[in-house]
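Dear colleague,

Please find the structure below, handed over for your review. My findings on its packing and aromatic contacts follow.

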Amino acid sequence: MAQPTPVHDHHDEHHDDGHARHHHPHVGPATPPAALVKGNKDVEYTCPMHPQVRQMEPGNCPICGMALEPVIATTDPGDSPELREMSRRFSIGLVLTLPVFVLEMGSHFFNMHVLDAQTSNWVQLLLTTPVVLWAGWPFFVRAAVSLKTRNLNMFTLIALGTGAAWGYSIVATLLPGMFPAELRTADGAVPAYFEAAAVITVLVLLGQVLELRAREKTSGAIKGLMELAPKTAVRVNPDGADDTVQVDAIQTGDMLRVRPGEKIAVDGLVMEGKANVDESLVTGEPIPVAKAPGSKVTAGTVNQTGSFVMRAEKVGADTLLSQIVHMVAAAQRSRAPIQRLADQVAGWFVPAVVLIAVLTFATWMFWGPSPRFSYALTAAVAVLIIACPCALGLATPMSIMVGVGRAAQRGILIRDAESLEALEKVDIVVLDKTGTLTEGKPKVVDIKPAPGFSAEDVLQKLASVERASEHPLALAIMNSALERKLELAPVEDFDSPVGRGVVGRVQGAVIVSGNARFLEEHGIDTSALNVLAEAQRANAATVIYVGIGGKLAGFVAIADPVKPTTAAAIKALQGEGLRLMMLTGDSQTTAAAVAHQLGITEVVAEVRPEQKAEVIRKLKAEGHKPAFAGDGVNDSVSLSEASPASISVSGGSDIAIEAASVTLLHGDLMGIVRARKLSRATMKNIKLNLLFSFAFNTVGLALAAGVLYPSFGLLLSPVVAAAAMALSSVSVIVNSLRLRTVNID
């Protein structure tokens, strides 16, 4: 069982623990999330590989040519329009390509000459032309845009390769007499490359379909979150009648009725009724939370029992659920620092490939065997096709999208790719105490009455006088009295000397509460209970003495309990070789007790919020990579200083989401352990993707150019090159999807 954590001595002068509600600006796309409803027309689109590209209508990225995706995933069922379109082009292209493949390959490998060469060329022309010009038309459009914007990309190479093969074959079929005799067969036909153009187009289409399906899977985490929000709600009209409406029709201030088993549509406040609500979406706790008038409720949570009427406070894009969806989507579109390497390579890679293809063609034309033109064209087209850097471009974004989505499913919100990458490099974790290591909710843990008094009498009198106090510990005392169903009495002559204690008259008796010194000033000796009080302090509790009618009545021990999972999380972080440090505004004695309990050896106590940021800066100056974990509300300065390795563990408040690079929705420090493991797995996955992509393109270029032909007689066919190119992209996607099953517990 978790030991309690001490809080400040009651009414003593103490250092501020920083519970000022500062907002930390959210760094990320300024565009607000679209409402989580079907059919939203105000949807912004962006490129998954180039998130700086934004526009208000669908289209293709002017940099890489990929289809743009909604910034926020839509709730429309089924596949994306682009996936449906590409699947249709692939299916029709495949049907038309199979006869072409049989005609060409049959004559080469099985000596099957169903048609004479020239007739075969004409049949292949008729079948291949719609494949290249219709099924493959999107590739030519994207290539034209790449030339216009001077952003050469994979579609530039595909269009050049298939266009060259198809164009050459058209001329060879229509005007065979233009070609030298050594290129013509016995019946006067010129060998064509329709089969290569068609098969390459179909293989690239297949790669696009597989990639788009994988991208659909990576958005599964977002769609899963969006599905938590109901599509309709019951609105209570001014006349009292109920009316079922679409969620997007709800306005702030509307009254909504929530019945048992229904999901709560928007964030709001309970006005009538009582219920038990499953809030595991936010808290991670399976135990339902009791709701009564005045209680806050969150969109996406489930009303399990009871019925209530609520007032809508935050609707549409302002709800907590919508903010979470927006944050996850923005993170999936962000760019990790490691991606700069891939961007730099891609910047010169495509022009270099075009140059290599030209040099390859020239080399085979001058020094290749006869027929030189055929060999030169085959090698040049193979170079253009196999060198498509699509695998290189997908290496980082795919891993980031899967990693961020996996984190969201475990209640870990990661603001951007840089934050995910930064977690892997952290070598010291700086931890706030209150609300991070502890629950942040002081509780009465023990009551020790003096002889002649009962625990109920002590608590009843103390709670009665504390009811007039605004001190945080007064709330703990009040809650304890309410739990015991004690009836509080009115207080008279109340006085609360700043930082010392409280005095008041309850039921005719003078009540004095505070530390030992304060009671002694009022002529009350506390020595009879000092030994027991010291034992409570040793167990990390704060002691409040109570005097009734000039006599010592007893004391109440109050503590802020350590979260049940904190000890295990600390041990796990230390097991990974991380250095841990506690920062707190609490007293040195209190901080030392908590640190000893949890096994933390470095403690900096009695610091103000701005001083915590100075500690972070000092660690950075020493060359460390610190992460700071705080409650996301009172530690905004420190979180800002530690960014992008700033972690909020405040349990998913809207402020917490804006305050840190990483937000642990469940308020559980084990989330840091999981986030670190996921960060390492994601970065390892990215590096493996990049290594594979670099190696593939390097080896593939050499093989396609024909470096093995002089020694082994091996020359890569454009068809094989297209298959290899598609396979490389699929391999990167499959490797990235492995992150969905990596163990982070």
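V353 touches L157, V383, L384, A387 and L701, leaving aside residues up to four places away in sequence; contact here means heavy atoms within 4.5 Å. The model is predicted, so local features need pLDDT of at least 70 and side-chain atom pairs count only at pLDDT 80 or more, while totals for chains, interfaces and linings use all residues. Residues are numbered from 1 along each chain as its sequence is written, and side-chain values use heavy atoms, without hydrogens and water.

V353, together with F139 and I386, touches the most other members of the largest nonpolar core, which has 48 residues. Such a core is a set of buried Ala, Val, Leu, Ile, Met, Phe, Trp, Tyr and Cys residues joined through side-chain atoms within 4.5 Å, buried being under 20% relative accessible area with a 1.4 Å probe, protein chains only. Helix 5 gives the largest share of this core, ten residues (helices are DSSP runs of H or I, at least four residues; strands are runs of E, at least two; both are numbered from the N terminus). A second, separate core holds 46 residues, among them A417, A569, L573 and L678.

There are seven aromatic pairs (Phe, Tyr or six-membered Trp rings with centres within 6.5 Å; planes under 30 degrees apart are stacked, over 60 edge-to-face, the rest tilted). The ring centres of Y545 and F555 lie 6.1 Å apart with planes at 75°, so this pair is edge-to-face. Y545 belongs to strand 18 and F555 to strand 19, so the pair ties together parts ten residues apart in sequence. Both residues, Y545 and F555, are buried. W364, Y375 and Y709 form one aromatic cluster.

Kind regards

Methods:
Buried means under 20% relative accessible area, exposed over 50%, partly exposed in between (1.4 Å probe, protein chains only).
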